[in-house]
Amino acid sequence: MTKTPITVAYGDGIGPEIMKATLNILEAAGAQLDIEEIKIGEEVYKSGITTGMEPNAWDSLRRTKVFLKAPITTPQGGGYKSLNVTTRKALGLYANVRPSRSYYPFVETKHPKMDVVIIRENEEDLYAGIEHRQTNQVYQCLKLISRPGTEKIVRYAFEYARSQGRNKVTCFVKDNIMKLTDGLFTKVFNEIGEEYPDIEKEHWIVDIGAAKLADSPELFDVIVMPNLYGDILSDVSAQISGSVGIAGSANIGDQCAMFEAIHGSAPRRAGQNLANPSGLLQGAILMLQHIGQPEIAEKVHNAWLKTLEDGIHTYDIYKEGTSKEKVGTKEFAEAVIERLGQLPETLAPISYEKPLPVSIKVKELPKEEKELVGVDVFLDWEKGAPHDLGAELEQFNVSGLKLHVITNRGVKVFPGGFPETFCTDHWRCRFLDENGEAIAPSQVAELYTTLVNAGFNCIKTENLYNFNGEAGFSAVHG
Ligand code: NAD
């Protein structure tokens with residue numbers, strides 16, 4: 001077999017120990033790897049490189065297209081960018097695949113039957129990193145959900161389910177509140193789901209869905225979600241399966257992929273031969289599946305299961321009565337190596353025969369007719385009560401644009417409104433054409449200039465569009 005080039009980073013904290021243990025196991029199992037090492041993490045950050053990765057590291061990643069990464073420590077203080085977020089976005093790693101299985105009775109868990117895979121969208125949502133402080137009191141973070149991004153992750157989840165022999169895909173969103181962004185996620189989930197009649201489909205509002213997942217994870221199979229919910233719930237899922245220390249993840253893109261443990265660099269455990277290398281090993285097993293070495297993936301996974309069954313445990317999963325021997329990182333890896341070629345007796349082996357899906361095609365969208373129908377002007381204003389602001393703004397009629405409504409933190413405060421509503425210094429003032437007609441962009445500019453000239457502190461404007469006659473903006477309630 002020819003060797004597959006991969007890029008490896010040893011990371012910080014417990015990173016170097018668990019990477020060494022993992023690579024020792026892979027080598028003993030006969031994995032055919034041609035390893036290029038790169039430097040990432042704390043030292044690189046502190047040398048002044050804000051991405052935490054040396055520039056030539058990108059060359060290696062672009063060459064090998066496969067990255068096995070140990071956790072890193074992000075230094076305290078501002079100015080450092082998340083290396084994970086940068087890598088995912090720069091390499092287009094849109095799908096984060098995080099399996100969480102129970103290894104009961106060998107690893108303690110309240111959920112002996114759980115076997116959940118969370119497919120987390122990896123590039124969009126609140127992780128676009130577009131944040132602003134707009135007034136003395138108010139900060140904003142933009143949540144961006146795109147149609148192609150959603151189509152890719154949803155289709156990925158269905159393709160994953162189909163290829164890996166799973167039966168159900170559940171979607172977690174908050175579309176009862178975020179009707180446009182999360183609403184799009186649901187819409188795409190329903191549309192694409194129709195193309196997979198062999199797979200059961202289910203939709204949960206994320207709050208109750210999360211509660212169900214924490215309480216009865218055995219009810220779920222594959223769950224697809226936008227970035228933030230997926231980030232949080234995949235940690236919950238790993239933890240309730242036994243420990244965050246035993247879960248790995250794959251970050252998949254059309255061209256590149258990154259594999260890692262889901263935990264961090266656990267600096268307090270570093271250098272003491274204590275850490276559990278299983279999370280990174282699970283990431284490495286997914287990598288072997290991805291690069292077309294499924295027999296090695298299965299061999300390593302089975303030996304690892306047998307090690308757990310034999311009660312050879314690192315401190316984090318060691319339990320008096322269940323465990324037989326408490327071992328360090330190095331000894332755990334040696335125990336796995338000794339068991340290469342053996343099968344577990346109680347725990348079910350897993351087949352890695354079918355590769356992880358990679359390239360997902362997105363359909364070309366028909367262009368919808370986009371019509372400008374109004375504008376939300378955001379003001380920094382603290383001179384009085386909502387009706388004072390309303391009375392002032394109602395005086396303006398800039399070529400037919402009239403004040404329609406004012407909200408504060410999304411609550412309607414003018415016209416009408418309750419005196420009990422707490423107001424900040426951040427006001428959204430919606431202007432629409434007085435006859436309900438479409439408007440020209442120049443009217444928005446004219447309104448903005450008029451308001452600024454009248455002494456208003458305009459923070460920003462947000463255009464209001466209809467698409468094929470349907471409002472592309474949320475309605476104001478109340
Ligand atoms: P952490 O995951 O490093 O540790 C959380 C807890 O889990 C600690 O008690 C730790 O001892 C334990 N733990 C984690 N991995 C373990 C393992 N393999 N074996 C045994 N015990 C393990 O989270 P944290 O303490 O919040 O973060 C530490 C550092 O890691 C921070 O600098 C953070 O930014 C970074 N981090 C990096 C990544 C990554 O590189 N992918 C992910 C998360 C956090």
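In this predicted model, the largest cavity is lined by Val85, Arg88, Lys89, Arg120, Asn122, Glu123, Tyr127 and Asn227. Its volume is about 30 Å³, and the structure holds one cavity of 30 Å³ or more. Helix H4 (residues 83–90) supplies the largest share of the lining, three residues.

The chain itself is divided into domain 1 (1–94 + 242–348), domain 2 (110–236) and domain 3 (370–471). Taken over C-alpha atoms, the centres of domain 1 and domain 3 are separated by 52 Å.

Turning to the packing of the interior, nonpolar side chains tend to be buried together in soluble globular proteins. Here the largest nonpolar core has 78 residues, and the members that touch the most others are Leu26, Ile119, Tyr156, Phe259 and Val300. Domain 1 and domain 2 both give residues to this core, so it lies between them. A second, separate core counts 23 residues, including Leu372, Leu393, Val444 and Cys458.

Thr329, Phe332, Ala333, Ala335 and Val336 are buried. These residues cover an arc of only 155 degrees around the axis, which puts them on the same side of H11. On the other side, Lys330 and Glu338 are exposed. The partners of the buried residues of H11 are helix H1 (15–29), helix H9 (278–290), helix H10 (294–309) and strand S13 (312–313).

Finally, the backbone deserves a look. Most residues other than glycine have a negative phi, and most peptide bonds are trans. Against that background, the peptide bond from Tyr104 to Pro105 is cis, with omega near 5 degrees; Pro105 sits in the loop between strand S4 (95–101) and strand S5 (115–121). Phe414 and Pro415 are also joined by a cis peptide bond, with omega about -10 degrees, and Pro415 belongs to the loop between strand S17 (411–414) and strand S18 (426–433). Asp125 lies in the loop between S5 and strand S6 (131–133) and is buried, with a relative accessible area of 1%. Ser399, in the loop between helix H12 (386–394) and strand S16 (401–408), is partly exposed, with a relative accessible area of 40%.

Note on methods
Residues are numbered from 1 along each chain as its sequence is written. This is a predicted model: local features need pLDDT of at least 70, side-chain atom pairs count only at pLDDT 80 or more; totals for chains, interfaces and linings use all residues. Side-chain values use heavy atoms; hydrogens and water are left out. A nonpolar core is a set of buried Ala, Val, Leu, Ile, Met, Phe, Trp, Tyr and Cys residues joined through side-chain atoms within 4.5 Å. Buried means under 20% relative accessible area, exposed over 50%, partly exposed in between (1.4 Å probe, protein chains only). Domain bounds come from an automatic or database domain assignment. Helices (H or I, at least four residues) and strands (E, at least two) are DSSP runs, numbered from the N terminus. The arc is that of the directions from the helix axis to the C-beta atoms. Contact means heavy atoms within 4.5 Å. On a 1 Å grid over the protein atoms alone, a cavity is a set of points where a 1.4 Å probe fits but cannot get out, and a pocket is an open set with protein on both sides within 12 Å along at least five of seven lines; lining residues have an atom within 4 Å of a point. Grid points are joined across faces, edges and corners, and a volume is the space filled by probe spheres set on the points.
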